[in-house]
Amino acid sequence: MDTLVKNLDHLMHLKKTNATKLYDDTGVPQSTTSRILNGETSSPSDKTLKKYAKYFNVSVADLRYKDLTTTGLPVSIANSSIDDLTALRNTVDDLTLSQGNVSNLTIVPVYSTVSYENDSFIFRNIVAHRGVENNFFIQNGLTHDQFRVVQVDDDSMAPYINNKDAVGIILSDKNIKDGQIYAIMLEGDRMFKQIFLEGGGRLRLHSFNPNYPDRIISGDERDSVVIIGKQHFRSGK
């Protein structure tokens with residue numbers, strides 16, 4: 001997906017707006033916004049982008065070229081209205097909210113889809129947002145690019161991790177530690193498993209749900225298990 005399209009879609013989701021409301025707020029015709037989002041207009045004019053940029057409080061250059069979906073909330077919280085902050089508080093996870101102080105949070109997307117392409121993980125389809133304390137990144141020596149939140153799409157780890165829970169993943173922590181939970185790719189599927197180190201270089205992939213039997217990965221098959229990152233937190237409804 002084009003960077004501009006991703007950014008515009010992401011910013012509209014954060015602002016809880018649509019093409020019709022954008023026309024009211026920016027003067028950009030609904031049809032123009034729809035064509036950009038559908039990829040029918042690959043290079044809109046700077047005149048148009050300046051209207052988006054002013055509304056979303058970003059630069060035209062960032063809107064065109066910088067991946068704003070990985071850097072938290074690009075809209076300045078200091079300039080947000082009371083209604084905006086109230087809506088924002090309603091989107092953040094209570095496990096990471098610091099005494100209701102939104103200014104201490106980085107708002108990160110929750111992705112429902114992860115794919116492995118050209119030796120890189122691609123995160124797509126934003127379904128929600130979560131608030132993560134800024135101190136979390138500082139204390140763990142992490143940049144925003146080293147952390148993702150994904151939505152679980154099965155119940156194999158229930159009742160610890162349930163279907164549709166949001167789970168934080170530290171992408172830079174890929175070294176397997178015995179008994180820890182990791183997000184992995186296996187045979188094209190993304191899943192969470194507790195991994196145990198067995199003799200002979202084998203791995204045991206354990207599910208908490210008894211309906212999913214453990215799977216043994218032989219030493220020769222270990223390359224088939226691609227570690228996305230270590231599970232850091234979970235939250236659900």
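Which residues of the largest nonpolar core touch the most other members? I opened the notebook with this question and looked it up in a predicted model.

**Entry 1: the cores**

I found 17 residues in the largest nonpolar core, and Phe123, Ile169, Phe192 and Ile228 touch the most other members. I then checked which elements supply this core. Strand 1, strand 2, strand 4 (166-170) and strand 5 each give two or more residues to it. I also noted a second, separate core of 15 residues, which includes Leu4, Ile36, Tyr52 and Ala53.

I picked Phe192 and listed its contacts, leaving out residues up to four places away in sequence. Phe192 touches Val150, Val152, Ser156, Met157, Val167, Ile169, Ile181, Tyr182 and Ala183.

I wrote down one general point about strands. Side chains in a regular strand alternate between the two faces of the sheet.

**Entry 2: strand 5 and its partners**

Which strands are joined to strand 5 by bridges? On one count, strand 5 (residues 180-186) is joined to strand 9 (residues 225-235) by 5 bridges, and the two run antiparallel. In this pairing I found Ala183 opposite Gly229 of strand 9. On the other count, 7 bridges join strand 5 to strand 6 (residues 189-197), and these two also run antiparallel. Here Leu186 has Asp189 of strand 6 as its bridge partner.

I followed the chain from strand 5 to strand 6 and found a hairpin with 2 residues between the strands. Glu187 sits in the turn and has a positive phi of about 55°.

I also asked why strand 5 can be called largely enclosed by the rest of the structure. The reason is that 6 of its 7 residues are buried. Buried here means under 20% relative accessible area.

**Entry 3: Ser112**

I located Ser112 in strand 1. Ser112 and Arg124 are 12 residues apart along the chain, and their C-alpha atoms are separated by 6.7 Å. I left aside neighbours within four places in sequence and listed the contacts of Ser112: Arg124, Asn125, Val127, Gln151 and Arg190.

**Entry 4: the helices**

For helix 4 (residues 46-56), I asked which residues are buried. They are Thr48, Leu49, Tyr52, Ala53 and Phe56. These residues cover an arc of only 135° around the axis, so they are on the same side of helix 4. On the other side of helix 4, I found Lys47, Lys50 and Lys54 exposed.

I checked what the buried residues of helix 4 pack against, and found helix 1, helix 2 (19-26), helix 3 (30-37) and helix 5 (60-65).

**Entry 5: the aromatic rings**

How many aromatic pairs does the structure hold? I noted 8 of them. One of these is the edge-to-face pair of Phe136 and Phe137, at 5.2 Å centre to centre with 70° between the planes. Both Phe136 and Phe137 are buried.

I also looked up Tyr160 and Phe208, an edge-to-face pair at 5.7 Å centre to centre with 70° between the planes. Tyr160 lies in the loop between strand 3 (147-151) and strand 4, and Phe208 in the loop between strand 7 (203-206) and strand 8, so this pair ties together parts that are 48 residues apart in sequence. Tyr160 is partly exposed, with a relative accessible area of 29%. Phe208 also counts as partly exposed, at 29% relative accessibility.

Conventions
Residues are numbered from 1 along each chain as its sequence is written. This is a predicted model: local features need pLDDT of at least 70, side-chain atom pairs count only at pLDDT 80 or more; totals for chains, interfaces and linings use all residues. Side-chain values use heavy atoms; hydrogens and water are left out. Two strands pair if DSSP finds at least two bridges between them. Helices (H or I, at least four residues) and strands (E, at least two) are DSSP runs, numbered from the N terminus. Buried means under 20% relative accessible area, exposed over 50%, partly exposed in between (1.4 Å probe, protein chains only). The arc is that of the directions from the helix axis to the C-beta atoms. Contact means heavy atoms within 4.5 Å. A nonpolar core is a set of buried Ala, Val, Leu, Ile, Met, Phe, Trp, Tyr and Cys residues joined through side-chain atoms within 4.5 Å. Rings of Phe, Tyr and Trp (its six-membered ring) pair if their centres lie within 6.5 Å; planes under 30 degrees apart count as stacked, over 60 as edge-to-face and the rest as tilted.
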